Amino acid sequence: AEMRRFDEDFQPLRSETLRYCLREAHLDGVWPAKYARAIVHLELFRNPDYLFGTEGRNPRPGLVTLDPPAQFSLAIFDEAHHLRNTDTNSHQLARFICDNSEAAIFLSATPVHLGSQNLFALLNLLRPDLFPSQAVFNEMVEPNRHLTQAIRHIRSRQPAESWNRDAAASLSLAAATRWGTNTLTNDPRFLNCQVGLTTPVEPTDSTRINFVRDLEELHSLAHVMNRTRRRDIGRFTIREP
């Protein structure tokens, strides 16, 4: 019903229709056109009978046993934080679908509350080429807390007597990390912020806005994560029954 607001017609898959899609994909080699745009509950799809198939007198195919595998243009996972545990069928289902989709989007209201290991598990599902290991992930995110602290100082201009010096100090800490040395110190935006925060003349409001924008873009996860705040989208989130 929500997707029809955008003139998009999606078919909900339940037990019988999901079994039909898997059977037809097994027989024809392609997902049924009628259900090319589908919505299926994660709890249902991760069931071993649908994920791996069944054996016995009346065997049924599962998603991961299809040959050739089903191909998808776009996979959208809502409440994606439920995929963070790598030992679950949910994670294995997401891994298979992401590997066989041209694009994938994870949606969640709670990603910022996940630990680094959980966040790595999600990003490794989305972009295993960029986040191949926990060690690479840890190196990439190391300067982010310093960038965030600098942004707070620049945005709030607090403490009033030293915000620019404190922000510059945070940028120096970010630059001292391994990722910062290899990446940030070669970026003109980062260097411009450093110079602008250490000059005797206090930056103007428009300059501060540009600094904040540039530093947010330099956050090492900015290209794969987007945070939408409620205040940014106004009345769209207000339910009017």
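Modeller: Happy to. One term to start with: contact means heavy atoms within 4.5 Å. This is a predicted model, where local features need pLDDT of at least 70 and side-chain atom pairs count only at pLDDT 80 or more, while totals for chains, interfaces and linings use all residues. Residues are numbered from 1 along each chain as its sequence is written, and side-chain values use heavy atoms, with hydrogens and water left out.

Colleague: Great. Which residues is Asn-124 in contact with, leaving aside neighbours within four places in sequence?

Modeller: With those neighbours set aside, Asn-124 contacts Arg-95, Phe-131 and Pro-132.

Colleague: And where does Asn-124 lie?

Modeller: In helix H5. Helices (H or I, at least four residues) and strands (E, at least two) are DSSP runs, numbered from the N terminus.

Colleague: Is Asn-124 buried or exposed?

Modeller: Asn-124 is buried, because its relative accessible area is 12%. Buried means under 20% relative accessible area, exposed means over 50%, and partly exposed is in between (1.4 Å probe, protein chains only).

Colleague: What else is buried in H5?

Modeller: Besides Asn-124, the buried residues of H5 are Leu-119, Phe-120, Ala-121, Leu-122, Leu-123 and Leu-125. Their cover includes H4, strand S4 (101-106) and helix H6 (134-141).

Colleague: You mention S4. What does Ala-103 touch there?

Modeller: Ala-103, which sits in strand S4, is in contact with Ser-73, Leu-74 and Ala-75, leaving aside neighbours within four places in sequence. Ala-103 counts as partly exposed because its relative accessibility is 36%.

Colleague: Let's switch to the core. Which residues touch the most other members of the largest nonpolar core?

Modeller: Trp-31, Leu-63 and Phe-77, out of 27 residues in that core. A nonpolar core is a set of buried Ala, Val, Leu, Ile, Met, Phe, Trp, Tyr and Cys residues joined through side-chain atoms within 4.5 Å.

Colleague: Which elements give two or more residues to this core?

Modeller: Those are helix H1 (15-28), helix H2 (42-45), helix H3 (48-51), strand S3 (72-77), helix H4 (89-99) and helix H5 (116-126). The largest share, five residues, comes from H4.

Colleague: And what is Leu-63 in contact with?

Modeller: Beyond its neighbours within four places in sequence, Leu-63 contacts Leu-22, Trp-31, Phe-45, Tyr-50, Leu-51, Ala-70, Leu-93, Phe-96 and Ile-97. There is also a second, separate core of 18 residues, and Leu-147, Leu-171, Ala-174 and Leu-197 are among them.

Colleague: Now H11. How many residues does it have?

Modeller: Helix H11 (residues 205-218) has 14 residues. Its first and last C-alpha atoms are 20 Å apart, close to the 20 Å expected at 1.5 Å a residue; the expected span is 1.5 Å times one less than the number of residues.

Colleague: Which H11 residues are buried, and what covers them?

Modeller: Arg-208, Phe-211, Val-212, Asp-214, Leu-215 and Leu-218 are the buried residues of H11. Helix H7 (144-156), helix H8 (163-176) and helix H10 (188-198) are included in what covers them.

Colleague: At what angle do H7 and H11 pack?

Modeller: About 165 degrees, with their axes 10 Å apart. That makes H7 roughly antiparallel to H11, since angles over 145 degrees count as roughly antiparallel, under 35 as roughly parallel, 65 to 115 as roughly perpendicular and the rest as oblique. Axes are lines fitted to C-alpha atoms, for helices over the stretch in contact, and angles run from 0 to 180 degrees between N-to-C directions.

Colleague: Who makes the contact?

Modeller: From H7, Leu-147, Ala-150, Ile-151, Ile-154 and Arg-155; from H11, Arg-208, Phe-211, Val-212, Leu-215, Glu-216 and Leu-218.

Colleague: What about H10, say Gly-196?

Modeller: Gly-196 is found in helix H10 and is buried, with a relative accessible area of 16%. Not counting residues up to four places away in sequence, Gly-196 touches Val-201, Pro-203 and Phe-211.

Colleague: Last topic: backbone. Which peptide bonds are cis?

Modeller: The bond from Asp-67 to Pro-68 is cis, with omega near 5 degrees, and Pro-68 lies in the loop between H3 and S3. Another cis bond joins Gln-158 and Pro-159, with omega about -10 degrees.

Colleague: And what is the phi of Arg-157?

Modeller: Positive, about 55 degrees, although Arg-157 is not a glycine.
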